[in-house]
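User: Could you show me how to read a few features of this model? I would like the general idea each time, and then the case at hand.

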Amino acid sequence: MDFGQFISYIASGTVYTVGVTLIALPSGLLIGTILALFYVYGGKVAARVMNLYSTIFRGIPPLVLLFILFFAVSKGINLSAFLAGSLSLGMVSSAYQMEIVRGALLSVSGDQLMAARAIGLSRLQAIRYVVLPQAVRLAIPPWSNEAAIIIKDSSLVYALGVPEILRRAQLIGASSQKYLLAYLSAAIIYFLLVSLTTRLLNRLENKLSIPSHP
Amino acid sequence: MKKYLLLAVALLLVGAILVGCASEPTSVLDKIQKAKKVSVGTSADYPPYEYVDDAGNKTGFDIELMEEIAKRMGLELEWVDMPFDSLVAAVASGKLDMSISCFNYDEERDKTVDFSEAYYTTEDAFVVTSAFSGTIVAPEDVAGFKVGVQSGTVQDDWLTTNLVTPGLLPEANLSRYERVDQAALDLANGRIDVLMGDYVPIQALVAQNPDLQVVYHGELSTGPINIVLPDGDTALKAEVDRIIKELQAEGFIDQLAVKYFSE
């Protein structure tokens, strides 16, 4: 087997890596943003519940959650390995993304909300048109960090046999006995994926940045 | 306090879900016969039993055997690749119908899954040339000679653990080769006195080379290997066992062993 075949065999696992990321990251963002809004603006009880949610899901290793979902819970609801992996990563990520969005929401000073209310906007309108647009911009840098983490954590689904990059590197390493080459190839592919994503998000950050705003 | 209360409630809920899902009365045999499909787990990183070839397809002793078993059951075979340590859990939780991945019987594993009849028993053998003048009665007797073995195999492990580490066989007298045929070449050239290997490939080697002879064979580093089946599923076990016996009687398994273990 030549080097080109070697790399292309491992790289064909990228489909699964990207697939897992594309499910986990947006679902985590959606849930995380909604929960963060409740956390910040939903009153004391909501804040407590959200805090508990965040504590629980940040406290469980994704791999453990993955095994619970795949081997225990999905005995009744038949989840595929791919879906169980994507969802458990999404659940863990939603807790982290909630904290990211919450931090961004809190960084927009409360005076702005008051000012918006003073000129006649409703509370919801003020959040929607004044706070959120600024918070989104503030959230991008830490969020691109989370994106990189999810791309790399997606390798966890190998434990369920999803033929993604890491699992393919293991297989080809075993049959060719060229382990170093196999894992190096996997490392390079992950590195390219992560650096590409970070770059795209940096560009987005620049594009969305408010002129003359620090 | 409230926090812990909530946590306790959450855990109870999860527990309730798990208990609710635990009942599963029908045999997997009925299920797979109805679906005409069986999903079998393997960890395709263990050549020559199961591995991927240059084209990325699964191949190996276990793979070809399982394909024949599925064919005789009239079922379409769906391979599911999974790391070795997840395979037993996947069968126990019903995610897979069975697993074949060079499994030795193990009491701990037997608590959550069942084992088929052994489809193959691996044995070790010692082989020498006609010029050899010593005697080997017990396996430990090889400690007095220069021994060759394929590196990283269970035989290598056995020699190292039982002879080298206790100081019976000097490390310098143990030669580890990348492949068995390289060791056989050195045996013929007199650089080593005894070669230890899996009995099946050794027999193939002796058949090709009349100057070589087996002086000992038995289960030292190895043992019977079985297919992992769902726990307590007697109907499925009976069917799989029946086919394994059939294949053994026909010599199919021996042919596979020669094909995969003598290269």
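User: Let's begin with burial: is Cys102(B) buried, partly exposed or exposed?

Analyst: Cys102(B) is partly exposed, because 19 other C-beta atoms lie within 10 Å. The scheme calls a residue buried if 20 or more other C-beta atoms lie within 10 Å of its own, exposed if 12 or fewer, and partly exposed in between, with C-beta atoms placed from the backbone. Cys102(B) lies in strand E5 (residues 98-104) of chain B. Helices (H or I, at least four residues) and strands (E, at least two) are DSSP runs, numbered from the N terminus.

User: Before we go on, what kind of model is this, and how is it numbered?

Analyst: It is a predicted model, where local features need pLDDT of at least 70, side-chain atom pairs count only at pLDDT 80 or more, and totals for chains, interfaces and linings use all residues. Residues are numbered from 1 along each chain as its sequence is written, while chains are lettered from A and ligands numbered from 1 in the order in which they are written.

User: Where in chain A is confidence lowest, and where is it highest?

Analyst: The score is pLDDT, the predictor's confidence in each residue, from 0 to 100. Where pLDDT is low, predicted coordinates should not be read in detail. Chain A has a mean pLDDT of 90, with 97% of its residues at 70 or more. Confidence in chain A is lowest in helix H8 (residues 165-176), at a mean of 86, and highest in helix H2 (residues 14-41), at 95.

User: What does phi tell me about Cys102(B)?

Analyst: Most residues other than glycine have a negative phi. Cys102(B) has a positive phi of about 55° although it is not a glycine. Lys36(B) also deserves a look: its phi is positive, about 60°, and it is not a glycine either. Lys36(B) sits in the loop between helix H2 (28-35) and strand E1 (37-42) of chain B, and is exposed, with 10 other C-beta atoms within 10 Å.

User: How do I read the faces of a helix, say H4 of chain A?

Analyst: An α-helix has 3.6 residues a turn, so residues three or four places apart point the same way. In helix H4 (residues 62-72) of chain A, the buried residues are Pro62(A), Leu65(A), Leu66(A), Leu69(A) and Phe70(A). They cover an arc of only 120° around the axis (taken from the directions from the axis to the C-beta atoms), which puts them on the same side of H4(A). These buried residues pack against helix H5 (81-107) and helix H7 (123-153) of chain A.

User: And how many residues of H8(A) are buried?

Analyst: In H8(A), 10 of the 12 residues are buried, so the helix is largely enclosed by the rest of the structure. Arg167(A), Arg168(A) and Gln170(A) are among them. The buried residues of H8(A) pack against helix H1 (3-11), H2 and helix H9 (179-208) of chain A, together with strand E2 (51-52) of chain B.

User: Which residues have the most contacts inside the largest nonpolar core?

Analyst: In soluble globular proteins, nonpolar side chains tend to be buried together. A nonpolar core here is a set of buried Ala, Val, Leu, Ile, Met, Phe, Trp, Tyr and Cys residues joined through C-beta atoms within 7 Å. The largest has 116 residues, and Val147(B) and Val228(B) have the most contacts inside it. Its largest share, 13 residues, comes from H5(A).

Terms used
Two residues are in contact if their C-beta atoms, placed from the backbone, lie within 7 Å.
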